[in-house]
Each structure stands twice: as C-alpha cells, then as structure tokens.
Amino acid sequence: MTATVEAPPAPVEVEPRPRRRSPLDRERPGVRVAAWATIVVFGGFGLLPVYWMLTTALTPDGKVFAYPPALFPTDVTFEHFAALAGNSQLFGYLVNSAIVSSVTAVLSVVVSAYMAYSFSKFRYRGRRSLMYLVLSSQMFPQALLLVTLYALFDAYDLLNTYTALVLSFTTFTLPLCVWMLKGFFDTIPDSLIEAARIDGASQLRIIHSVIVPLSGPGLIAAGLFAFVRGWNDFIFALTLAGPDKQTLPPGLTNTYLGEAQTAWPELMAASLVVSLPVVVAFIALQRFLVGGITAGAVKG
Amino acid sequence: MSTVAPRRGTPGQGLSGGVFAVLLVLPGLALLAAVVLYPLVSSLVTAFFEQSLVAPGRSFVGFDNLAAVLDSDFLPLLRQTLVFTVGTTLVPFVIGFGLALALNTRIRGRGFLRGALLLPWLVPAVVTSFLWMWIFNANYGVANGVLETLGVIDEPEAWLSSPGTAMAAVIIAKTWASFPWMMVMLLAGLQTVPPELHEAAQVDGAGTVRRFRSVTVPHLRGIIGLVVLLELIWNFQHFDTIYVMTGGGPAGTTETFAVAVYDTFYKGHDLGRAGAIGLLWMVLLLVLVVGYLRVVDREEKP
C-alpha cells in the first residue's frame, strides 16, 4: 500500500486554499473505474440518441433509408433544414407556437406574481390551504380534465382559439411560477414595503414600483418557464386547437406521422428546430431551475 | 430542502393586507377553478351518467359505467399502467443515481457532462417520441442495426408493433427523457452531504460501499423519497410519449389509463365511460398524491 500516487506540488501559496474535497476524489482506482464505466454506459444511453438525431438530420435521404444504417455520416447535407424552411404549413405551426407561448409567458408572470406576493407577504385565514391547492393542482391528470374542459370551452366558443390554449397553459404554470416567485419575494425585507407605505404608496403601487424592479431575474425565470410549458405541450394543443391554431408538437405529429412513409430525416431536423428554443431558455434560467423544480415540483 | 416553504427573510407575522391580499390571488384562483377544479369534478361526475361528446343531454345510470369498466378493461389497464409507471420510475432512478454518483467525483469533463446529459430532459416530449420511433424503426432503425451487428438478434425486429416489445420500447423512450431530472436532483442532494461525515467514516475504517450505505443513502433519504414519488405521480398520468409512439397499441398492450381516458372521450365520444375510467384512475392517483404531500410536509418542518 504505497501512498496512492499523490505527489502534491509543494503548496506555494502562503494561505492554504480551503479546498472542499469531495470524499470520492482521493479514491482508489476501483471507484474511478466504476465512475467511468457508469458514465460510458449510462451517459452513452443519454447522448448517443442525441447524436443519432443530429446525424439523421444531416444525412441525405439515399443514405438514411439503408439497412443496416451507417453509424458515421459520410455525406452531410442541409437539404432537410431547407425543406422545413420552405414549408408554409409548418411555418404556420411555428407562428402559433410562438404566439401561444409568448402570451402564456406574459400572462403567467402577471397572475403568478400577484398570487406569490399575496402568499409571501400577507398572512390570512386559508392562505395555507390555498397554497396547497395551487401546489396539488398539477397532480390532476390532464386527459381527465379534458373530458369536460372540451365541452366547457366549446360552450364559450373558445375551441380552436389561442385563448383556450393560453388560459390552460397559464393555469398549469401556476404551481411552479408561484412557488418560484414566492421564494423570491420572501427575500425582500418587509421593512422596504412598510417604508413605501409610510411614504404614501398604494398597495398596488408598491408591487409595481418596489417589488417588480427588485425581482427581475425571478420574473424572467418564471416567464421562460411558462414559455417552455406552452411550447412543449402536446395533449391540450392536440385537442383544443383545431387545425388552424395548432402548435408545433401536435402539428409535427399530424404532418409527419400521418403519412405512409415518414420522412425521418426531415422530422429529425424539425425536432432539432423545435428543441432549440427550449435549450436556449434553459441555459438562460438554469441557475433558478434546481431550486425551482424542487419547490414547485413541476416538469415541463 | 428549504425551498419548499421558504420562510426565511420574512418575519412570521407578515403584513396586514386585508381584502387586498385576497384580491391578489383571485386571477390565479379563477384560472384554477375554471381549468382544473370544475373540469375535474364534472369529469368525475360524468362517470355516473350516459353522455356523449357529440350529442346533447345525459341520463343518470348510477354505477353502470363503473361496473362495465371493472368488468372489461380495468385489470389490463391497471397492469399496463403500473408496468409503465414503475418501469419509467425505477430505471431512470438507477441511471440517474448512478450518473449522479459518478459525476460527484472529481473526474475530468464532469461540468460538460452535467450540462450535456440534461439534453434528453429538455427536448419536448413529442421529440423524444419521434427520436425513439426512428431508433426503433422496423426497417431502417439503428436499434436493429446495432443489435444485429452485435449478434443479439438474428433479424430486424418490429419493436413498436410487436405486443411483446412495444411496452419495453416505450419505457426506454420515457426513461431517456426522465433520468436527467433525477440525476440533477440527486446530484444536488449529494452535494449537501458534509464531507466530514465521509471523512469520519473513513477514519473509522468504512470502505466505499459501506460509506455509501451508511452515510450517503441515509442523508439522501428525503430527496430520494421526493423524486421517486413525484416521478411515480407524473408517470402514472403520462400521456405524450405513449400516445405518439404507439397510440396504446399494438392490440392495446401499451394502453394506460391516460390513453384509455383520452381515446374513450375524444375518439369514442363516450364521456360516461371516460369519466368512469378516470374516477378509478383518480382514486389510485390520490394515494400517490397524499404520500407526496406528506413527504413535502415532513421536509418542510425543520
């Protein structure tokens, strides 16, 4: 048991750097090997499909529809992306997705900010029950809600409208957005609000001029999350939107899977395009996310 | 997990808001009532009526719908839903926990891997479905290509249209979409384990496996309970992946409660039967939700 090859260079710094070493880092080779084996096998399961989506999207039709498939592309083409760009029907779905998701984002931020502020800064009877109600509302299966929601929207002539989608998506974002924003507002000291009140600001004015400017990052994170929620939804858009207002997820499903021979490379290219805004949004909000998902316990 | 009920920064009393505080919650409450609460209750109530999506009017039939469902579809639906739910929770848990442990070591490239491995979780559910349909494609799929080259199978398999393999294929697809979230949550949990605990255990002569069992796992018990319960709840009602990939087929072998309720209502136009399946589904789901709320409640108290 010779000292495991740890030949640390003599500490040059006068002050010892407080190194928080993970207990596993001194580890024996066995643990290292196990860690790498896990990464190769499980990480491969995670990343190889991404590689395959990319490869398929960039491969000409003639090479894609061959068996056994070539694992490494020899010809690279952008023709499938070009085909998407020239498809006016898909462009319509894209516009619908953009409109529905953006309006959802704005409405969700407004509604959940008011709600979160009330939960965070005031104490009243029933507050706790309300918070539980918001939290548990995401637990009800959407397929079941649709059984009568469809007729309800129909009764108000809201079927095949953006409104039906925006109202539904906004509601489903409440648990996460309210929780996330409540966490944000909790860190704003009450004394600030009291000071504004003494200065004669109205309750609403306090929210708009004191709280909102202090909560920019939280509001943006909530908005991005709500955007993604609307962007990714499948079942509501499939059921309530009708052909004209359909968003990308059901639109792509109906366009490509409805055909006898699916144009897989084009569908993979479209998949990359649909995923892109979500990835961008995530990169923007990732530092809020881990706390947020624990709190609201919602998944996009 | 202080984020569940962050009280820090706010004195316990709170501000006096009176009517204003209530007004603030009204828009959100109205949405919840219209989009969740009313539809939920009225959908469950239709279980006791004969009612069509396309014709007006309904008639009370008592427990007829429920009896009809219990007589025919219920057991296969329950079995398939449970297989899907447990499969899409346990497999991602094992993969997510394994990766979390591996990425919690100081290996090279872990920052990149942590980010890259989130991609499967980020893509929309329909994209997951498209991708795995293509991978499992009977004629040109890469799954067949690789497995045949490795000699695992002799001839191309129609994974998604064979009753014996469709459920496994759907579970694999959903696993791919689920494991990153579990990985992130467990990794966050692992990073809260105080290194001193491990060091003390090491001094006491505990090996890696022993420390994992006696230090890591007990410390993570709360978060493990939470992620497993939440994933069970989500998967118990999951719709998108199954519906896009197989539509519940072949021969109904991947049909779950979610798909059955949807098809009965939207394609079959039979609201009463959809409500009856939904009612049974809801009762089972409630067990999971109550469990979840209890875990949250316990975690919330310091």
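## A helix pair, a two-sided helix and a chain contact

In chain B, the residues B:Thr81, B:Phe84, B:Thr85, B:Thr88, B:Thr89, B:Pro92 and B:Phe93 of H3(B) meet B:Val228, B:Glu231, B:Leu232, B:Asn235 and B:Phe236 of H10(B); contact here asks for C-beta atoms, placed from the backbone, within 7 Å. By class, these residues are 6 nonpolar, 5 polar and 1 charged, where Ala, Val, Leu, Ile, Met, Phe, Trp, Tyr, Cys and Pro are nonpolar, Asp, Glu, Lys and Arg charged, and the others, Gly among them, polar.

This is a predicted model, in which local features need pLDDT of at least 70 and side-chain atom pairs count only at pLDDT 80 or more, while totals for chains, interfaces and linings use all residues. Residues are numbered from 1 along each chain as its sequence is written, with chains lettered from A and ligands numbered from 1 in the order in which they are written.

Back to the pair: the axes of H3 (residues 74-103) and H10 (residues 208-236) of chain B come within 9 Å and cross at roughly 140° (lines fitted to C-alpha atoms over the stretch in contact, with angles from 0 to 180 degrees between N-to-C directions).

Now look at H2 (residues 64-71) of chain B, where B:Asn65, B:Leu66 and B:Val69 are buried (20 or more other C-beta atoms within 10 Å of their own; 12 or fewer counts as exposed). These three lie on the same side of H2(B) because they cover an arc of only 95° around the axis, taken from the directions from the helix axis to the C-beta atoms. On the other side, B:Ala67 and B:Asp71 are exposed.

Finally, 90 residues of chain B are in contact with 90 residues of chain A. Helix H1 (residues 19-45) of chain B gives the most to that side of chain B, with 15 residues.

Notes: Helices (H or I, at least four residues) and strands (E, at least two) are DSSP runs, numbered from the N terminus.
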